[in-house]
Amino acid sequence: MSFRYSFAGKRYETIQTRAAYVLLAPTILVLIVLFIIPVIQVIQLSFTSLNSTTGTSKFIGFNNYKYLLTSPRFWQSVLNTTLFTIVKLTSEVLIALIIAVMLDTHVPFRKYLRVSFFAPVVVPVVASSIIWIWFFDPTLGPFNQILSAFGLPQSKWLYGKSTALMSIALFSIWRGIGYDIIVFLSGLQGISDSYIEAAHVDGATNLQIFFKIKLPLMRPVLAFVIMMGFIGSFQSFTEVDIMTPDGGPGGSTLLIVNYIYQQAFGNSKMGRGTAASILLFLIIFSMTYLQRKISDRREIRDA
Amino acid sequence: MKKVVLILSILLLAGSSLIFASGNKESGTESEKPVTIEVWYSLSGKSGEAFKQRLHEFTADPAYADIKVVSSFSGNYGDTGTKVAAALMSGTEPHVIIGGNVAYTGGRGNFYAGEMVSSDPLFQKDDVFEGLWDYAVYENKICNIPYGISTPLMYYNKQIIEKAGLDLSTPPKTWDEFLVVAEKAQLNGNINNADEFWGFVVKDVPWLFKTQLSQNGNNVFEYVDDNYTVEAVFDDASAAEVAQWWADMAAAKVMPIGEHNNAENVFLAGNAAFFVGSSTKIADWSETMGDMLAAIPMPYFTYPSVALGGNTISIFPKKDQKQNDAAWTFVRYITSTEPNAKFALESGYMPIRKSAIELDIIQQAFQNMPMYKTGFEQLAHGWSYINTDNYIALDGAIRRTIEKMENGTADAQQAVIDAVKEFNIEAAD
Amino acid sequence: MHKNKSKLKRYNIPIFIILMLLSICMIFPFVWMFLSAFKTPADVYTYPPKWLPSSFKFDNFAKVFQLIPFGKFYFNTIVTSVTQTFLQIVLSITAAYVFAKLEFPGKKKMYMFVQSAMFIPAVVTVIPLYLMASKVRLVDTYAGIILPQILGVFTTILLISFFQSIPDDLLSASKIDGCGYYRILWNVVIPNSTTAINAAILFAFLSHWKSYMWPLIITNSTHKRTLPVGLKYLVTESSSEYQVMMAAAFMSIIPILIVYIICEKSFTRSLTMTGLKG
């Protein structure tokens, strides 16, 4: 029998409530085991000196954090990750937008084009990393060959201190751009024809239409892609682990997650590893919080 | 009704995954024959194949029919370390590891291997080259067994040396003499007319650096008291001289700055005259370079010395004595004279036993493979430093020092002092 | 879809050419991989690099199987991906239904709780999950690979927004017919959301297939490894033998590419769904 009842000012129904709890229980259980407990442990562990080789662990207060905040290697990884993210995101979004606009015009073989742009996204990262390692080989790889065919200077790609990180960014852009293109394309195609036609009737050029109508309407899509891209590339791990597992020349490709992995699983210093992951979380959290604040303010302004 | 189905299917899948789990663990074969032991090996390339060949021979030998070996490749040295740490934490470590750090055995109070080699006369401990035991001790007590021991060789490309008109039958002895030869080779030996052509390249910078330290009398680490407290000592004048060498090599433009990760490919493509690498390259590069590959003994600073490389065997005793016996039998087999010699020849590692020299196959190898003979003769100058589980911190400090020196941005003495400081911070808790 | 009313037959040729050039850049790596999978060491270690193989033998492919148990990796990956996806989707569907269509005390708080899980970078929970797994001896087991990865907040939120768009009248109609809430989920909500559920399944399956960091950490022995991890070990095992690595990459990529080309519409749809929900 189903009863209505009131709780904290709202009205509910017993059978519905019970169904809700039953169906939600597995998820909550999983969340507790895979999320709550690990997070609590991470915080705990970050105050210890747990060493997984020797199995010893003692409470050392904020030492791990002190170590990290004064460690040039840690800051280098933060810098690397930031640089990597900025370069990758801006290039990727810009190029993707341009390509999406181009795809939106009247061109043949749309399906083939879409498939070819999106294929790198689908393919397993590890497999494509392997291919690109060869590409980047200064002596044995085709990239330098192509460069010299065009009369351009050769690059050291993954083996040069100033070029390694950008090489990985290039690979990452190739991998991610298809996703952005598809999302932008569907955003563009979702813009109602009536707007476009009305603007044409008013005598606007295609360029004006793009900047004054399409772009503003794409803002939420753009914001979404940028934010997801930011969170994603800040957590990049696989590309670097395959291509430059030791952190690249002079540590120039060591990203934050790779640094954490090195500390926790290479050096066996799990205390430091957990402290570093908390710092990473704080960085990402504050960035998304800032971004939310900015976009909220803009929404209020625009309303 | 449907809720029941839903919950049941969830449970079913959870249950079957757990069944999967238990079904895939090695269940202890306590009282049934054959005894199963688990062996991990961090050997790859030709060494991996050479080891697997010994596994085949062991399995095919009727004398060992009651022992079953389950083996798996555990990755490179670093990955293996991760796996071992994990396994030790969960009690799932294998019986034998080829390539485990002494920190995992001796560092945890496991000196089983040491006890066995001393107590089992069949092992013939005295037949093993004495200097090799240094590579397998923790706090001066034996805890591992040397198995795949390599010495670093100064390889060169015969084609390049010929084109440069050089004769290496009396090879350069000191690093100063070597620089002269390398420069000549760089000047006249560019067989590919490459834009970038070098006299000397090296990939494993820390290994060469440690070798050079030993040549100057520096032991990297020292025990400072009876409690085996370890101190890093690579910050004195002898170390500074070694650091300065790297700066000089870069300044002379005979070695590229900071491109060590790519050194192997550069050498294999014929764009460098000399390359420092493990003796295992003799086997690994036999197809790609064939006859073009040759080697001279490692040049030195004050006196000849090379840092030993390679791997040792770790043994983890379990509660079941039958398994321990099986594991020991296996280890004894692969370290006995002939199997070990065959392994060495096929992989480029050095044989660990003096009795191996008498074998025909070794004698022939010395005649037909002069590189192998060179590598072997260097064993007499083999040296190991005190093992540390902070080897990543050590190698990292070395790499950063070298980077500074190559870029000419530091004074050698200051650089090595900073290196030790950095190591101490990284290695601390 | 908007139609270009003007000049239906006139294609924009210059833009098409640019797009074709770009698309060649995008698929060039795959072409290279295909050609190089057949190269011999001599083809590889020359300077300047050769593009075409000297012959089309399958030696490298055979070598891959010699070096690593490739078939086992495929098997492991399929088993773990399928199981993970199934579990994850089950959890997502049930949770999404609850949040989209049911009312109960604490709903808002629970929802925020679920959402917040999305903000934790995976690497944060990796270390303690790993320590937990070692304590219960799940290291190097299928369960160890599968269980810690069944949390799918993204798919849940995707399904929530889709379920919300199902008209409530549909549900009230079934209620009047005497259906309990579970049956509504089974008979009404699920059948009406096949597109979204398929999209979620595709998304989940793809990310589990490619999953790298967790399987890397949790597996020790060769025969438990999944494909991405196994490939990494190939890189270490075959050191600089590029052509062998290409053969392995080829065998890993081609099946996925084929599946993708066949199901392209669904892939695109699933991604735009996840994309447009802000």
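Guide: What follows is a short talk about contacts, helix packing and a few single residues.

Guide: This is a predicted model, in which local features need pLDDT of at least 70, side-chain atom pairs count only at pLDDT 80 or more, and totals for chains, interfaces and linings use all residues. Residues are numbered from 1 along each chain as its sequence is written, chains are lettered from A and ligands numbered from 1 in the order in which they are written, and side-chain values use heavy atoms, with hydrogens and water left out.

Visitor: Switching to helices, at what angle do helix 5 of chain A and helix 14 of chain C cross?

Guide: The axes of helix 5 (residues 125-136) of chain A and helix 14 (residues 242-262) of chain C cross at roughly 150 degrees and come within 9 Å. Helices (H or I, at least four residues) and strands (E, at least two) are DSSP runs numbered from the N terminus, while axes are lines fitted to C-alpha atoms, for helices over the stretch in contact, with angles running from 0 to 180 degrees between N-to-C directions. That angle makes helix 5 of chain A roughly antiparallel to helix 14 of chain C, given that angles under 35 degrees count as roughly parallel, over 145 as roughly antiparallel, 65 to 115 as roughly perpendicular and the rest as oblique.

Visitor: Which residues meet there?

Guide: From helix 5 of chain A they include Ile130(A), Ile131(A) and Trp134(A), and from helix 14 of chain C they include Met245(C), Met246(C) and Ile253(C).

Visitor: What about helix 4 and helix 8 within chain C, how are they packed?

Guide: Helix 4 (residues 70-101) and helix 8 (residues 153-164) of chain C pack at about 45 degrees, with their axes 8 Å apart, which makes helix 4 oblique to helix 8. Among the residues that meet are Ile93(C), Tyr97(C) and Phe99(C) of helix 4, and Leu159(C), Ile160(C) and Phe163(C) of helix 8.

Visitor: Now chain B: which residues of helix 14 are buried?

Guide: In helix 14 (residues 337-347) of chain B, the buried residues include Pro339(B), Ala341(B), Phe343(B) and Ala344(B); buried means under 20% relative accessible area, exposed over 50%, and partly exposed in between (1.4 Å probe, protein chains only). Their cover includes helix 2 (45-60), strand 6 (145-150) and helix 13 (321-334) of chain B, and just after helix 14 of chain B, Gly348(B) takes a positive phi of about 90 degrees.

Visitor: What phi does Asn193(B) have, and where does Asn193(B) lie?

Guide: Asn193(B) has a positive phi of about 50 degrees although it is not a glycine, and Asn193(B) lies in the loop between helix 8 (175-188) and strand 8 (198-202) of chain B. Asn193(B) is exposed, with a relative accessible area of 62%. Most residues other than glycine have a negative phi.

Key. Contact means heavy atoms within 4.5 Å.
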